[in-house]
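Please keep the sequence and the three-dimensional view at hand while reading.

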Amino acid sequence: MNYKMIGKFIGKILLVEAVFMLPAYAISLYYHEEAAVRALLITMVITLLAGGVMVAMTRGTRKGFHAKEGLVCVGLSWIVLALFGALPFFFSGAIPHYVDALFEIVSGFTTTGASILPEVELMPYGLLYWRSFSHWLGGMGVLVFLLAVSSGDERSKGFTMHILRAESPGPQVGKLVPRMRQTAEILYVLYIILTVLNVIFLLCGDMPLFDSVCTAFGTAGTGGFGIKNDSMAGYSPYLQNVCTVFMLLFGVNFTCYYMLLIQQVKSVFRDEELRLYIGVVAGSTALIAFNLRGYYGTLGETVRHAAFQVASVITTTGFATTDFDLWPSFSKGILLCLMLLGACAGSTGGGFKCGRALLVLKGLRRSVRQIVHPGKVEVVRVNGRAVDEKVLQNTNAYLAAYALIIVGSFFLVSLDEFSITTNLTAVLTCFNNVGPGFEQVGPTCNFGGFSVFSKLVLILDMLAGRLEIFPILILFSKTTWKK
């Protein structure tokens, strides 16, 4: 295990995190929020010192960096990022208990959107910005950002592919261009362009600049932290529709946008995962709108709420325009299935991913056919290309780990003796990085009622869900730390 290289990378992550706190600090200064200013300044100093010491102690490290180090580096980096990122909430007194502050910032970085705050509008503007910006930073991945801005000498270390694979969502990660650093740059440029477009469209609907930026951060990262107690319910239908469109756009594999840029339009429309994603969204919206007939004043309002919640849940954003916990069981059942499915691989969305679901379905179909025709040899194909058997094996292993973690977490959280629906949806929304669930963790409630132990379980679920399980799971394996 190359501990020095891991320490060097974590040190750089802390330095980046401290720099990213500067806008929040400036906003707090502008609004004369003394407690927030003091908390952010202290946190930046501590973070810079910790990061600087780690980088200085690991200077000149040039040993190899392999897949195991990549997974460990990603897992530890996100944990350290959260431990320091929670300090402004704690030091300012906005969230008096550190575990609650940790829950809030982990929910932010993992783009979950689950909150322990009963009155979010009471939080200082600077901390609201930091809370929302954590979505944007965690959406594409802070380590991917570091790769995008890394210097030329870092590219020769041979660790870029291991880092990108460990942090990026989906069953398999490839390069858009031959060099991994350029791939990271392309991803972040596309991410920034879409975010800026989102802000512009929100401003055109007369949303205040601060609200527009924070909402765009939550939409881009598919996180869902609202800066209003009613999430998006108080905004105009135009603004809600803008969020619906951009939530769906950020749920698409970013490779599709790159293919459009290089004029490979046909390959985008032939993408099976994209077609599955669009089909599920359209079908779910139609079914829920039909089931909700009579709940709202007009058909347009019904379709608007149905489309918004479908987009919010399948992309694991977590915004809300209405209390969908009051919807009929059929509609809530559809939303529950969408929580599990999630968005496309290679997007900022969470969940199991449409790409994995496609592989599981195709693998199941092949198994059924082989039972009927034992001698038949069949290859699983996606978009006309044969899928490596190793990818299928990894997908099946991921599915097994996915189910076991959900079941285990559900039993642990059930010690708090909330209802089964509350406990199950709390685990599902945290592990799939969705945000709101049903009943006592519904869109009008929060996670503050859970015990410290349950919050820690849900924190691990959020991290495991965002990092695709294995970077967190490997930290608890004895073989990881053996020489």
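Two residues are said to be in contact when heavy atoms of the one lie within 4.5 Å of heavy atoms of the other. The model discussed here is a predicted one.

## A buried glycine and an exposed arginine

With this definition, the surroundings of G85 can be described. G85 belongs to helix 4, which covers residues 67–85. Apart from neighbours within four places in sequence, G85 touches E17, M21, I105, F109 and W130. The relative accessible area of G85 is 0%, so the residue is buried. Between the C-alpha atoms of G85 and L404 there are 29 Å, and the two residues stand 319 places apart along the chain.

R59 is located in the loop between helix 3 (34–57) and helix 4. Is R59 buried or exposed? R59 has a relative accessible area of 69% and is therefore exposed. The C-alpha atom of R59 is separated by 43 Å from that of L359, a residue 300 positions away along the chain.

## Salt bridges

How many salt bridges does the structure hold? The number is 8.

In the salt bridge between E272 and K362, the closest N and O atoms are 3.1 Å apart. E272 is part of helix 16 (residues 272–291) and K362 is part of helix 19 (residues 354–372), so this pair ties together parts that are 90 residues apart in sequence. Residues under 20% relative accessible area count as buried. E272 has 19% relative accessibility and therefore counts as buried. K362, with 14%, is likewise counted as buried.

A further salt bridge joins the side chains of K353 and E468, with 3.4 Å from N to O. This pair connects distant parts of the chain, 115 residues apart: K353 is in the loop between helix 18 (329–341) and helix 19, while E468 is in the loop between helix 22 (452–466) and helix 23 (470–473).

E468 also forms a salt bridge with R356, where the closest N and O atoms are 2.5 Å apart. R356 is in helix 19 and E468 is in the loop between helix 22 and helix 23, so that here too distant parts of the chain are linked, 112 residues apart. Taken together, K353, R356 and E468 are linked in a network of salt bridges.

| Residue | Relative accessibility | Class |
|---|---|---|
| K353 | 1% | buried |
| R356 | 4% | buried |
| E468 | 6% | buried |

## Positive phi angles

K353 has a further feature, which concerns the backbone. The phi angle of K353 is near 90 degrees, a positive value in a residue other than glycine.

S231 also has a positive phi, of about 60 degrees, although S231 is not a glycine. Where is S231 found? S231 is in the loop between helix 12 and helix 13. With a relative accessible area of 13%, S231 is buried.

## Helix 12 and helix 13

Helix 12 comprises residues 209–220 and helix 13 comprises residues 237–250; their axes come within 9 Å and cross at roughly 40 degrees. Which residues meet between the two helices? T215, T219 and A220 of helix 12 meet C243, F246, M247 and F250 of helix 13.

Which helix gives the most to the nonpolar patch? Helix 11, which covers residues 180–204, gives the most, with 7 residues. V196 is placed in helix 11. V196 has a relative accessible area of 45% and is therefore partly exposed.

Terms used:
Residues numbered from 1 in each chain as written. Predicted model: local features only at pLDDT ≥ 70, side-chain atom pairs only at ≥ 80, totals over all residues. Heavy atoms only, no water. Salt bridge = Lys/Arg side-chain N within 4 Å of Asp/Glu carboxyl O. Helix = DSSP H or I, 4+ residues; strand = E, 2+ residues; numbered from the N terminus. Buried < 20%, exposed > 50% of the residue type's maximum accessible area, 1.4 Å probe, protein only. Axes fitted to C-alpha atoms, helices over the stretch in contact; angles between N-to-C directions.
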